[in-house]
Amino acid sequence: MREAEHIWMDGELVPWAEARVHVLTHALHYGTAVLEGTRAFDTPAGPAVFRLDEHLRRLERSARIIGMPLPYTLDELRAATLATVAANGQSSCYIRHLAHRGYGEMGVAARACPTVVSIASWEWGALLDSGVRLMTSSWQRNDHRVVPTAAKATGPYLNSVMAKAEALQAGYDEAVLLNAAGNVSECTGANVFVVRDGVLATPPPHAGALEGITQDTVGRLAADLGLTVSRQDLLRTDLYTADEVFVCGTAAGIVHVSAVDHCELGGPGPVTGKLADAYEAAVHGRDDRYRHWLTPVGG
Ligand code: PMP
């Protein structure tokens, strides 16, 4: 991660080092924040943010689910995002939106704590290298009856933090989590796909998986390549027997999986390769069919 000059915080661009919060911030104590991870890519027409409005709409939905008022409109958040990337002079970057319950009153009740919104952008390489090795986590994925898994909220990320640490400690790169029914849910920061006999499958939201924007992008790219995608429950053993497995997310991109637990999968396979190429062309503005997914930073 490379520090940038500015972070947008509640309507102002402040120097990176001055984007601070109080130690009694509600979100620090109780996990009451919602977040987004978005990327801007360099394109022939200059830097552009990929699927910005979809990310901002998911932020709004997450805030609504946890009952947190969001004091900015989508138009204001879009303008603030573009202003942040422009002020930091980045040609490509990762963008972190965070809306958190700030400093007000201690205690679980959040009503008296104002919502603080921040937008940070920094240059960041891919989260995972190609050929990622997955470990089935001993931690179960958050259950939607326990915390709202449809919200991209910070509190529930402790589940990902635990699973990631366990996988790294065991010598793997990433964890894949199963839900209460024992079906595949997702990885700690990415959705998972299997390819079998040329057909793609990925777990549905009710499996506890985030409705990933890259997952949706993969669905559309696959359809345009004439491939079938099904959203279905997957067993752990479906990962072992797949022709190809890949994970996808904004931070990760599309990354092929070379092993799951004790099963070596090899690869990268042809379907993953085609989708990764199509994704690269889309995000870098080299395919006109997907130009509407890009919001130029320069307007
Ligand atoms: N699942 C989890 C748990 C994640 O943190 C992410 C990253 N936001 C994803 C899936 C992928 O989502 P997206 O493609 O929208 O980045």
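**Close-up views of a predicted model**

**View 1. Strand β13 and its two neighbours.** Let's start with a pairing: β13 and strand β14 (residues 253-260) run antiparallel and share four bridges. Strands here are DSSP runs of E with at least two residues, helices are runs of H or I with at least four, and both are numbered from the N terminus; two strands pair if DSSP finds at least two bridges between them. A hairpin of three residues links β13 to β14, and G249 has G253 of β14 as its bridge partner. β13 also pairs with strand β10 (residues 191-196), again in the antiparallel sense, over five bridges. Here V195 finds its bridge partner in E244 of β13.

This is a predicted model, in which local features need pLDDT of at least 70 and side-chain atom pairs count only at pLDDT 80 or more, while totals for chains, interfaces and linings use all residues. Residues are numbered from 1 along each chain as its sequence is written.

**View 2. The two faces of β13.** How many residues of strand β13 (residues 244-249) are buried? Six of the six are, so the strand is largely enclosed by the rest of the structure. On one side you will find E244, F246 and C248, and on the other V245, V247 and G249, all of them buried. A residue is called buried if 20 or more other C-beta atoms lie within 10 Å of its own, exposed if 12 or fewer do, and partly exposed in between, with C-beta atoms placed from the backbone.

View 3. The protein chain is divided into domain 1 (6-122) and domain 2 (132-283), with bounds from an automatic or database domain assignment. Their centres, taken over C-alpha atoms, are 25 Å apart. Contact involves 21 residues of domain 1 and eleven of domain 2, where contact means C-beta atoms, placed from the backbone, within 7 Å. On the domain 1 side, β3 gives the most, with eight residues.

**View 4. Helices α5 and α7.** Helix α5 (residues 213-224) packs against helix α7 (residues 270-283) at an angle of about 110 degrees, their axes 10 Å apart. Axes are lines fitted to C-alpha atoms, for helices over the stretch in contact, and angles run from 0 to 180 degrees between N-to-C directions. That makes the two helices, α5 and α7, roughly perpendicular (65 to 115 degrees; under 35 is roughly parallel, over 145 roughly antiparallel, and the rest oblique). Look for T217, V218, L221 and A222 of α5 meeting L275, A278, Y279 and A282 of α7.

Conventions. Two residues are in contact if their C-beta atoms, placed from the backbone, lie within 7 Å.
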